[in-house]
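Subject: Handover of a structure

Dear colleague,

Please find below the structure that I am handing over to you. A summary of the findings follows it.

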Amino acid sequence: MGRYAVTSTNRTAGRGATLTMAPGIRYSAYTAPDGDIHSEFPHIRSVGIRDLTQVVDHRINQVFDSVGHYVRFSNGGWLRYMFDRRGNMVEFYMIGLDGIMSVEGDITVWQPHATT
């Protein structure tokens, strides 16, 4: 019983991210020329933030039949996601954060600890 991770290690530019997923989650991914990892997940049911004291800005935008969230963290990392009126996730991006995804499709994100 292991865990699977989608990781971008370009943390020097403040862009890295790690998403650890529970066993049984299937996804497809590719690395873009700029080093970003793009993945497709079968279903994201909810998005949570482990420590709200790390959040410095949260913006919500409603456009036609979708709602988008942009959350900025104190380390410069950010989370952006959008879902449609039926609750289906349309897009999900996170940079400079760590996260975990359950088999049920629940994602929780947080800032990684600083390393020296």
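Helices (H or I, at least four residues) and strands (E, at least two) are DSSP runs, numbered from the N terminus. Read along the sequence, the protein follows the pattern β-β-β-β-β-β-β-β-β-β-β; there are eleven strands and zero helices.

Two points on the source should be kept in mind. This is a predicted model, in which local features need pLDDT of at least 70 and side-chain atom pairs count only at pLDDT 80 or more, while totals for chains, interfaces and linings use all residues. Residues are numbered from 1 along each chain as its sequence is written, and side-chain values use heavy atoms, with hydrogens and water left out.

Of the 116 residues in the protein, 31% are buried (under 20% relative accessible area, 1.4 Å probe, protein chains only). The accessible surface (Shrake-Rupley method, 1.4 Å probe) comes to about 7,600 Å², and carbon and sulfur atoms account for 51% of that surface. Among contacts (heavy atoms within 4.5 Å) between residues at least 6 apart in sequence, 36% join residues at least 24 apart.

Two strands pair if DSSP finds at least two bridges between them. An open sheet is formed by four strands in the order β6-β7-β8-β9, with antiparallel pairing. Its edge strands, each pairing on one side only, are β6 (55-63) and β9 (89-95). Within this sheet, β7 (residues 66-73) and β8 (residues 78-84) pair in the antiparallel sense over seven bridges. Val 71 stands opposite Leu 79 in β8.

Yours sincerely

Technical notes
Buried means under 20% relative accessible area, exposed over 50%, partly exposed in between (1.4 Å probe, protein chains only).
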